Amino acid sequence: MNIIVRDLKKHYKVKKREVGLKKIKQLLKPEYSTIDAVKGIDLQINEGEMVGFIGPNGAGKSTTIKMLTGILAPSSGDIFVGGLNPAKDRKKLSYNIGTVFGQKSQLWFHLPPIDTFKLFSKIYEVDNFEFKKQLSLLVDILQLEPFMHKPARQLSLGQRMKCEIAASLLHNPKLIFLDEPTIGLDVVAKRQIRTALTEMNKRENTTVILTSHDAGDIEAICERVVIINEGSLILDNPIKSLSGYLQNNKLLKFKTAHDISKLKMTAGIEIVSIENETVNLKVPDNNDFLSKIIVNLINDYEIEDISITEPSLEEVIHSIYTEKSLRGSV
Ligand SMILES: Nc1ncnc2c1ncn2[C@@H]1O[C@H](COP(=O)(O)OP(=O)(O)OP(=O)(O)O)[C@@H](O)[C@H]1O
């Protein structure tokens with residue numbers, strides 16, 4: 001199922017927060033301000049693509065996903081999901097899409113997941129033969145058998161999330177939206193979920209839109225990454241080209257208790273992050289240059305744990321967020 005988005009915007013109208021006397025005035029005659037959560041996004045996603053839709057907190061991801069699924073109506077712009085307008089054709093669309101919102105369960109709390117699955121198959125009018133086939137595939141990939149007969153309230157987070165994924169894939173949707181599906185899960189559960197999604201994509205050409213702060217999810221599942229920041233699309237690239245984003249650069253990581261805010265930045269060096277006395281610098285991949293930087297750092301600061309590494313996808317993404325938001329959107 002394909003997605004076409006043109007100049008999509010969403011404003012939220014919120015009551016102004018006031019203090020003191022103004023608070024009383026605000027109660028009697030409320031004044032509003034506008035939050036531009038999505039500021040004109042253009043996007044095209046083809047059938048069968050697996051796309052990571054990422055961005056920092058408050059970037060506008062959930063708002064966009066809610067508009068794509070028809071939960072929220074856009075302030076302006078066009079959306080076509082499989083040719084349908086999600087806000088107008090929400091019911092029709094629901095037969096063809098699956099959603100997993102990590103923080104919000106779709107399982108009946110007191111029922112075993114298997115009963116929720118059966119209920120869903122009725123709601124989505126899934127043919128009995130197809131239901132059994134799809135269920136056995138999902139039980140197999142996600143290893144649901146040991147716990148799908150227990151009430152959902154007794155399941156661990158990982159078990160529940162696997163059942164959420166199964167519930168959203170049971171009607172064999174042509175498009176699935178996942179918002180943080182692996183948050184808080186261990187490596188085994190993460191891997192099973194990632195495998196289930198790639199398997200469904202391979203078998204059924206399911207389009208997958210994944211929102212995750214876990215770069216591992218993006219790396220394992222997506223072929224393409226769309227990055228949004230402050231309501232605007234700042235990057236839309238194949239994942240392969242992302243690793244080349246910091247090409248010809250290395251990551252110089254070191255620990256120091258010193259205040260490095262006055263660190264003299266030579267041309268070509270950039271601070272990627274400073275957290276808990278650990279500093280990440282993006283530096284050109286050039287031996288002479290690198291040795292000079294290291295000598296300077298050691299002369300100027302008390303340095304521990306210095307290392308030079310290839311940037312991970314997480315660091316690449318972090319660098320893109322900071323760089324692009326400083327430079328403005330492209
Ligand atoms: N219902 C709402 N009313 C008012 N403002 C909202 C509402 N929902 C979101 N916002 C604001 O819109 C902006 C985008 O929020 P959104 O939830 O879409 O971001 P996000 O990228 O999903 O963030 P996160 O990664 O933290 O979930 C934020 O400034 C947020 O405060």
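**Exercise 1.** How far apart do the C-alpha centres of domain 1 and domain 2 lie?

*Solution.* This is a predicted model, in which local features need pLDDT of at least 70 and side-chain atom pairs count only at pLDDT 80 or more, while totals for chains, interfaces and linings use all residues. Residues are numbered from 1 along each chain as its sequence is written. Begin with the division: domain 1 covers 3-9 + 43-243 and domain 2 covers 248-310, with bounds from an automatic or database domain assignment. The two C-alpha centres are 39 Å apart.

**Exercise 2.** Identify the elements that supply the shell around the ligand.

*Solution.* The surrounding residues include Tyr12, Ile35, Gly55, Lys61 and Thr63. Next, assign elements, which are DSSP runs numbered from the N terminus (helices: H or I, at least four residues; strands: E, at least two). At least two shell residues come from each of β1 (3-15), β2 (32-45) and α2 (61-69). The largest share, 3 residues, belongs to α2.

**Exercise 3.** Determine why α6 is described as largely enclosed.

*Solution.* A residue is buried if 20 or more other C-beta atoms, placed from the backbone, lie within 10 Å of its own. By this criterion, 10 of the 13 residues of α6 are buried, so the helix is largely enclosed by the rest of the structure. Among them are Met161, Cys163, Ile165 and Leu169. Finally, consider contacts (C-beta atoms, placed from the backbone, within 7 Å): the cover over the buried residues of α6 includes β5 (97-101), α5 (128-142) and α7 (187-204).

Terms used: Near = placed C-beta within 6 Å. Buried ≥ 20, exposed ≤ 12 C-beta atoms within 10 Å, placed from the backbone. Contact = placed C-beta atoms within 7 Å.
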